[in-house]
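Here is a briefing on one protein chain, to be read with the sequence and structure open.

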Amino acid sequence: MNLDALVAPLRADVVSGAAVVARAASAAVRRGAVHLPASDTGELRAGMEQLAHRMLDAQPAMAPLVELLTLALDAIRDPDPPDEARRAVASAAEGFRTLLEERAERLAHRLAHEIPGSGTVLTHSSSSSVRSGLLEARERGISVTCLEGRPMNEGHGLARTLAHAGIPVVLAVDAAAESLVKEADVVLLGADSVGDAGVVNKIGSLAVARAAADAGVPVLVAADRSKWLPPGFPQDVRDDRAAEEVWRGARGVRVWNRYFEILPYDLVHRIVTDVGVLTPAQMTDRRNALGVAPVLRTWAVSRASQPAPGR
């Protein structure tokens with residue numbers, strides 16, 4: 001099986017958040033475990049390690065891939081026959097999907113109770129974790145302001161879903177964040193990773209959080225355990241995307257189009273997780289206990305040493 005064919009759908013997904021990408025990634029790992037050519041367990045491990053590197057290169061900002069790939073690689077036991085190793089990796093990928101669903105349910109429940117009753121929530125782009133929490137809180141009389149999340153405008157889909165559920169919704173362009181955050185009771189953001197530098201989320205989140213700080217509005221981040229990165233793991237947001245997404249047919253202009261940015265912890269009040277509501281300091285303590293497969297650590301070191309793309 002061609003590794004590029006396995007990874008291409010991950011790279012092509014320019015709308016979904018980390019939780020949705022993680023589910024697609026688990027399916028790719030399962031297919032790789034079944035179809036990658038290998039005459040013995042060592043060859044299977046080598047193939048899965050190559051697949052892991054390709055997947056991380058395709059979505060370097062997505063922390064759930066680190067946990068998924070660590071589980072999959074740890075499932076390979078060198079003395080085992082290759083067929084048994086294939087089944088173990090496929091089972092690890094399936095187990096990760098189940099784990100995601102269980103965590104998502106617990107996180108939505110916690111989020112619903114952290115949102116002020118009858119309050120106005122401002123959110124940016126679209127996070128499946130945020131969406132689930134808002135839907136569970138709809139009986140509490142909340143209203144929501146959605147920012148679009150340009151250039152792909154994922155916020156449109158979130159606004160449509162919330163409105164269909166009967167939640168009062170306002171949709172606004174991203175540049176309106178500073179004007180609208182003053183009317184909010186809380187800012188609620190998703191996360192693609194939570195690591196040493198802070199929270200990685202869709203670009204525009206930093207402007208929202210800074211405006212919230214100026215207005216005295218608390219910022220909550222929704223992040224189940226799959227979003228937590230081990231210490232020392234890079235949060236690389238230098239992932240340039242297609243210029244056509246911003247300006248189709250532009251000539252003589254270099255279009256800067258990146259999807260993610262880092263939100264420092266001093267702009268975050270609390271991080272709502274599937275295991276509790278944590279302060280940034282408590283999150284650091286939790287992340288210190290995380291492990292990572294050695295081959296992923298090697299990828300992380302290599303990625304961190306790569307020069308930033310020129311502007």
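Predicted model: local features only at pLDDT ≥ 70, side-chain atom pairs only at ≥ 80, totals over all residues.

Residues are numbered from 1 along each chain as its sequence is written, and side-chain values use heavy atoms, with hydrogens and water left out.

- Helices (H or I, at least four residues) and strands (E, at least two) are DSSP runs, numbered from the N terminus.
- Helix H11 covers residues 294–305, and its 12 residues should span 16 Å at 1.5 Å a residue; the end C-alpha atoms are 17 Å apart, which agrees. The expected span is 1.5 Å times one less than the number of residues in the helix.
- The buried residues of H11 are Val 295, Leu 296, Trp 299, Ala 300 and Arg 303. Seen down the helix axis, the buried residues of H11 fall within an arc of 145°, so they line one face; the arc is that of the directions from the axis to the C-beta atoms.
- Buried means under 20% relative accessible area, exposed over 50%, and partly exposed in between (1.4 Å probe, protein chains only).
- Pro 294, Val 301, Ala 304 and Ser 305 are exposed on the other side of H11.
- The buried residues of H11 pack against helix H3 (41–58) and helix H4 (64–74). Contact means heavy atoms within 4.5 Å.
- H3 has 18 residues and reaches 25 Å from its first C-alpha to its last, close to the 26 Å expected.
- Buried residues in H3 include Leu 44, Met 48, Leu 51 and Met 55. The buried residues of H3 pack against helix H1 (3–12), helix H2 (18–35), H4, helix H5 (82–114) and H11.

**Salt bridges**

- The structure holds 17 salt bridges, each a side-chain nitrogen of Lys or Arg within 4 Å of a carboxyl oxygen of Asp or Glu.
- Arg 303 and Asp 57 form a salt bridge through their side chains (3.5 Å, N to O). This pair links distant parts of the chain, with Arg 303 in helix H11 and Asp 57 in helix H3, 246 residues apart.
- Arg 303 is buried at a relative accessible area of 9%, whereas Asp 57 is partly exposed at 35%.
- Glu 154 and Lys 202 also meet in a salt bridge (2.8 Å, N to O). Glu 154 lies in helix H7 (residues 154–164) and Lys 202 in strand S6 (residues 199–202), so the pair ties together parts that are 48 residues apart in sequence. Both Glu 154 and Lys 202 are buried.
- Arg 225 pairs with Asp 274 in a salt bridge, with 2.8 Å between the closest N and O atoms. Arg 225 lies in the loop between S7 and S8, and Asp 274 in the loop between strand S9 (270–273) and strand S10 (276–278), so this pair ties together parts 49 residues apart in sequence.
- Arg 225 is partly exposed, at a relative accessible area of 28%, and Asp 274 counts as buried at 2%.

- Thr 145 lies in strand S2 (residues 143–147) and is buried, with a relative accessible area of 10%. Leaving aside neighbours within four places in sequence, Thr 145 is in contact with Thr 120, Val 121, Leu 122, Thr 123, Val 170 and Leu 180.
- Val 21, found in helix H2, is buried at a relative accessible area of 2%. Not counting residues up to four places away in sequence, Val 21 touches Leu 10, Asp 13, Ser 16, Gln 59 and Met 62.
- Val 21 and Gln 59 are 38 residues apart in sequence and 8.7 Å apart in space, C-alpha to C-alpha.

**Backbone angles**

- Most residues other than glycine have a negative phi, and most peptide bonds are trans.
- Arg 150 and Pro 151 are joined by a cis peptide bond, with omega about 10°. Pro 151 sits in the loop between S2 and H7.
- Asn 153, found in the loop between S2 and H7, has a positive phi of about 60°.
- Ser 118 has a phi near 60° and is exposed, with a relative accessible area of 59%.
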